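Okay, thanks everyone, I'll keep this short. Have a look at the structure on the screen and we'll walk through it together.

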Amino acid sequence: MTRLGLGLALLGLLAAGAAAAPLVQAWLGHDPFLPDLLARFEPPSRAHPLGTDDLGRDILLRLLHGGRVSLAVALAVALGASGLGTAIGLLAAWAGGWTDAVLMRIADGLLALPSLPLLVVLAAVDTSRIGLPRGEALSDILRIAGILVAFGWVPVARLARAAALAQLGQDYVAAARIAGASEAWLLVRHLLPNIVTPIAVASALSVAGAILAESTLSFLGLGIQPPAPSWGNMLSGAQEMIFSAPLAAVWPGLAILLAVAGCSLVADGVRRRPG
Amino acid sequence: MLRLLAGRLLQIAVTLLLVSALTWLVMGAMPGDPVDLAMLSDPHLTPEDVARMRVLHGMDQPLANRYLAWITAVLRGDFGHSRLFAVPAAQVLWPALGSTLVLLGWSLALSLLLGLALGALGAVRPRAAWLVDAIAILAQSTPTFWLGLLLIILFAVELGWLPAGGAAEAPGPGEALRYLVLPVATLAIVNLAAYARHGQAALQAELGADYVRTARMKGLPERAILWRHAFPNAAIPIVTLLALDAGSLVSGALVTETIFARPGMGKLIYDAIMGNDYNLALLALLLAALVTMLATLAADIAQRLLDPRLAP
């Protein structure tokens with residue numbers, strides 16, 4: 001199997017699991033959000049295929065529901081980072097001069113900084129002051145995705161700019177200009193389709209980074225807030241019970257690993273594809 | 001070279017200034033200023049006391065004025081106080097920086113060694129290339145905190161060979177080393193992927209070059225060709241990679257230190273943020289950024305020294 005196929009298969013499997021979460025929940029008949037203190041730390045069984053956690057909640061169901069949250073953040077970052085990055089990269093390549101210099105110095109600066117300490121600071125900000133309530137799943141997803149896009153656009157923009165610069169010197173651009181194409185039309189209809197590959201590669205890598213960063217922030221208690229499950233905050237819970245239920249620490253990490261490996265494989269596959 | 005150095009140092013200074021201003025703004029939006037916190041911890045405070053404290057500590061001033069006052073103090077070498085540890089901030093910062101540099105140094109050395117060995121294996125034995133690829137993809141997809149957790153479960157909980165975290169209490173290098181093993185291993189495994197992949201690609205490219213064919217024709221043994229001729233040239237992209245990766249190395253140290261409860265810069269930043277110790281958090285963040293950018297600069301200079309084509 002090719003890298004692209006393997007990567008897409010991994011991501012598809014995880015997405016299908018996340019999509020099927022309500023079905024599995026109906027089939028198993030538990031509520032993954034409701035604590036059941038009589039069923040704490042149960043070993044894997046037919047009723048609980050992966051066992052239960054410290055509050056007696058089914059780990060498999062929480063894993064699937066956590067996948068919905070983690071993949072939603074990843075999807076939001078993918079859209080945001082590739083959109084913003086492409087726009088900035090195209091603008092820098094097209095405008096040149098001062099615009100280009102300023103935008104690329106900002107990108108250099110962001111790339112040179114250690115991102116995680118900054119993410120920790122940003123994630124600790126009280127967003128309720130600007131009208132985003134904390135602790136609700138949707139606003140948490142938006143908050144984390146926003147913070148990650150603020151860093152994720154950089155590699156996309158750099159690659160988009162480099163590819164666009166190479167294309168701007170081509171004859172077809174001059175031909176389109178002579179034919180009277182407006183600059184916006186030229187960029188969107190003629191240039192963009194020719195630089196899709198590097199943008200896709202950079203975006204896939206951005207998503208891989210976003211999944212890791214989201215899980216790290218949630219693990220540190222700054223990302224998705226419990227009781228909503230995410231792969232990161234499930235591991236944070238598992239860390240506190242490594243003595244009583246060491247297996248609970250395995251599954252969420254495995255899910256993160258597969259998701260990130262899937263994105264990397266897709267990026268690799270797209271890059272190596274001939275043509 | 002001097003012009004380059006001066007330009008880059010200026011760029012670093014500007015970046016630090018911008019980061020400090022932005023962070024100051026962001027921290028102004030965080031829940032609870034120091035006076036609010038004092039109010040929470042002491043129920044006897046009256047509203048008049050609170051108002052007096054705000055004036056006393058300058059909290060009634062606009063954000064911009066407070067920032068200017070803070071930055072002039074820092075430039076004079078006065079780093080202020082840490083709320084969390086109740087000592088001058090500098091007294092917490094320097095030992096933490098030392099501990100982080102020890103962790104980073106060991107894990108960087110180990111990941112370079114392992115990564116380049118893997119990369120060389122993949123380049124020299126094409127049939128092993130898929131294995132190197134698989135290891136690299138697995139290593140770079142593994143969340144740092146999960147790997148740390150698994151290592152703790154295996155070596156500290158199940159086997160009981162190594163401490164689960166913390167810092168050595170008894171003096172002596174042997175004891176300190178025992179506490180270093182798991183954090184260094186965690187960080188090294190996560191980082192080695194990039195060196196393995198880029199090392200493999202660079203060595204493969206060099207081994208196909210004409211000068212390697214000439215060396216083979218002279219009858220040089222393969223080992224000498226690999227390590228004396230191809231490797232120094234392949235090292236150049238690796239040094240570039242080091243320059244690009246300095247930021248993620250420091251980020252990895254933050255997570256590793258938090259999991260293993262190692263008193264370093266990363267844990268300091270995290271604890272300071274969580275404990276609303278704004279001054280310490282900002283200083284630690286700026287120090288981490290400064291170290292990262294200086295490391296990047298050092299790698300850039302090393303690259304120029306290694307590659308005569310880049311020298312001015």
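So, which residues make a nonpolar surface patch of about 360 Å²? Bear in mind that this is a predicted model. The patch is made by A:Trp98, A:Val102 and A:Ile106. Let's stay with one of those: A:Val102 sits in helix H4 of chain A, residues 97-112. Its relative accessible area is 41%, so A:Val102 counts as partly exposed, the class between 20% and 50%.

Now, on to where the two chains meet. Chain A and chain B bury about 3,600 Å² between them, and 76% of that is on carbon and sulfur atoms. On the chain B side, the residues that lose the most area to chain A are B:Phe145, B:Trp146 and B:Leu149, and together they account for 17% of what that side buries. If you'd rather count residues, the contact takes 41 from chain A and 44 from chain B.

What about charges? Across this interface the rule finds two salt bridges. Here's a salt bridge to click on: the side chains of A:Asp268 and B:Arg197 meet at 2.5 Å, N to O.

Last stop, helix H6 of chain B, residues 129-141.

Conventions:
Residues are numbered from 1 along each chain as its sequence is written. Chains are lettered from A and ligands numbered from 1 in the order in which they are written. This is a predicted model: local features need pLDDT of at least 70, side-chain atom pairs count only at pLDDT 80 or more; totals for chains, interfaces and linings use all residues. Side-chain values use heavy atoms; hydrogens and water are left out. Helices (H or I, at least four residues) and strands (E, at least two) are DSSP runs, numbered from the N terminus. The expected span of a helix is 1.5 Å times one less than its number of residues. Patches are made of residues with over 30% relative accessible area and no salt bridge: like charges are joined within 9 Å, nonpolar side chains (Val, Leu, Ile, Met, Phe, Trp, Tyr) within 5 Å. Accessible areas come from the Shrake-Rupley method with a 1.4 Å probe; for residues, only the protein chains shown count as cover. A salt bridge is a side-chain nitrogen of Lys or Arg within 4 Å of a carboxyl oxygen of Asp or Glu. Buried means under 20% relative accessible area, exposed over 50%, partly exposed in between (1.4 Å probe, protein chains only). Contact means heavy atoms within 4.5 Å. Buried area is the accessible area (1.4 Å probe) that two parts lose on being put together, summed over both.
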